[in-house]
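This briefing goes through one structure by topic, starting with its strands and then turning to the ligand and to selected residues. Please keep the sequence and the 3D view at hand while reading.

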Amino acid sequence: MTRSATLTYGDKRIELPVIEGSEGELAVDVTQLRAQTGLITLDPGYGNTGACLSTITYIDGEKGILRYRGIPIEELAERSSFIETAWLLIFGKLPTQAQLDHFSARLTAHAPLHESFKHHFEGFPVNAPPMAMLSAMINTLCCFYPEVQDMTEEDFFEEATRLVSKVRTIAAYTYRRSLGLPFIYPDPKLRYVTNFLHMMFSMPFDQHIASREVVEALNLILLLHADHEQNCSTSTVRVVGSSRANLFSSCAAGVCALWGPLHGGANVAVLDMLEAIHKGGLSAEHTLEMAKDKKSGFKLMGFGHRVYKNFDPRAVILKKSADKVLGQLGVNDPLLDIARRLEELALKDSYFVERKLYPNVDFYSGILMRAMGIPTNMFTVIFAIGRMPGWIAHWKEQHDSEGGRIARPRQIYTGPTTSAYVPVSER
Ligand code: CMC
């Protein structure tokens, strides 16, 4: 059935086509609106705007559904690995064993950085924010692999694999730089997550091999963060990519968007908040009151979501994992007690219940990573490693989209109308 929506404006009446997605979501297609009526739509924050058609990830925020390429996140969390899921997102289908083996081998081959990167890292002050270094270094990859500027279909596999692999090495080196520690080369015998933890925590004279619990938990965190459709950083990657900017630069821009505390930076903000509560001797009750008081300008970090208005399925999975891993690791941490108390109070407080504000993925990933011994300033960097396959998949989808136009929103201008220039001597 062809559907349409009718818009009446003054003496004009136009029919706008209604597009239906594969899960039944409907959208009014306004691509001809301006041409036909002179009107544009205004939707700050894009809460009602579909920016593209996409086959990658499906979310139903009311029902708490998240699927990558059709597969429920719960099933992937239970049965897949980050690397297999990365393939699924980037190439559209679960890999065969041979494809997975080849992917793993290429990830291993791409893990080392060009030696010159060491000098680049040394140029940063020791206290440089890891997210700033991560973004800069991903962009720097374009200088070493200029073929990324003009990729063929065959090149895409190699460049995408290079990025998934090297982001992990760069991430680990941002941490080493922040401590002034020697860089540790990747070990080709180690798998993706174990190798990352080796580059983070080993010393040249003492190899760090992470425990199974920690590796599994980190693998799960990466998998759960691997894509989330048109979020702020992914939209950034698509917008930058729409100008035909290359894959590495577009993803470097995604890192910058992810850094903000309302997006990926929320997992750091959660820990900062818990630490402030602990150090200030504040009660969870008082903190909750502050979050409800609009004048305080304070929000309960790790709560609420633009899309999930019921529960965040990633948070449900991570909460279970956090409970298990904290038990296994025997962690006894006052910040975790504060987190549990905040969660308990907020879940029955009418302010949070009425606004459908639930703990989101960042609430539990922050707690879990702290328990795993990962320093707070690396939380968002780890989110970026996880999100890389999603960014790559979206960059490619945008790149290959038919007629792919450059992203260029309009605006409603509210500044002064025509004004005369006044020479400086007369002002
Ligand atoms: N603490 C207290 N009040 C809140 C919170 C919070 N964390 N989040 C939303 N509200 C209130 C908000 O003030 C508004 O109240 P009212 O209706 O009285 O004006 C109401 O709830 C609806 O919120 P909203 O502003 O429409 O929500 P949004 O969709 O614009 O923002 C959000 C979503 C995630 C940015 C926001 O909930 C927030 O700032 N949360 C804290 C930061 C955080 O945890 N971010 C991580 C998001 S998950 C990771 C990711 O996918 O990027």
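Strands, of at least two residues (E), and helices, of at least four (H or I), are DSSP runs numbered from the N terminus, and two strands count as paired if DSSP finds at least two bridges between them.

Residues are numbered from 1 along each chain as its sequence is written. Because the model is predicted, local features need pLDDT of at least 70 and side-chain atom pairs count only at pLDDT 80 or more, while totals for chains, interfaces and linings use all residues, and side-chain values use heavy atoms, with hydrogens and water left out.

**Strand pairs**

- β1 and β2 (residues 12-20) pair in the antiparallel sense over 7 bridges, and the bridge partner of S4 in β2 is P17.
- β4 (residues 57-60) and β5 (residues 65-68) run antiparallel and are joined by 4 bridges, with L66 in β5 as the bridge partner of I59.
- β4 and β5 form a hairpin with 4 residues between them, and in its turn G64 has a positive phi of about 70°.
- Both faces of β4 are covered, since T57 and I59 on one side and Y58 and D60 on the other are all buried; buried means under 20% relative accessible area, exposed over 50%, and partly exposed in between (1.4 Å probe, protein chains only).

**Ligand surroundings**

- The ligand is surrounded by 20 residues, of which the closest are H263, L300, R306, Y351 and D362; a residue counts here if one of its heavy atoms lies within 4 Å.
- This shell divides into 8 nonpolar, 5 polar and 7 charged residues, where Ala, Val, Leu, Ile, Met, Phe, Trp, Tyr, Cys and Pro count as nonpolar, Asp, Glu, Lys and Arg as charged, and the others, Gly among them, as polar.
- A backbone N or O atom of L300 lies 2.8 Å from a nitrogen atom of the ligand, and a polar backbone atom of L262 is 3.4 Å from a nitrogen atom of the ligand.
- An oxygen atom of the ligand is 2.9 Å from a polar backbone atom of G302.
- Taken alone the ligand exposes 940 Å², and the protein buries 76% of that, with areas from the Shrake-Rupley method and a 1.4 Å probe.

- R238, found in helix α10 (residues 232-242), counts as buried because its relative accessibility is 9%.
- N231 is found in the loop between α9 (212-224) and α10 and is buried, with a relative accessible area of 13%.
- The side chain of N231 makes a polar contact with the side chain of S233 (2.9 Å); such a contact is a pair of N or O atoms within 3.5 Å, where within protein one must be able to donate a hydrogen and the other to accept it, and residues adjacent in sequence count only if both atoms are side-chain atoms.

- Most residues other than glycine have a negative phi.
- R69, in the loop between β5 and β6 (71-72), has a positive phi of about 50° although it is not a glycine, and R69 is partly exposed at a relative accessible area of 22%.
- K356, in the loop between α16 (350-354) and α17 (361-371), has a positive phi near 55° and is partly exposed, with a relative accessible area of 37%.
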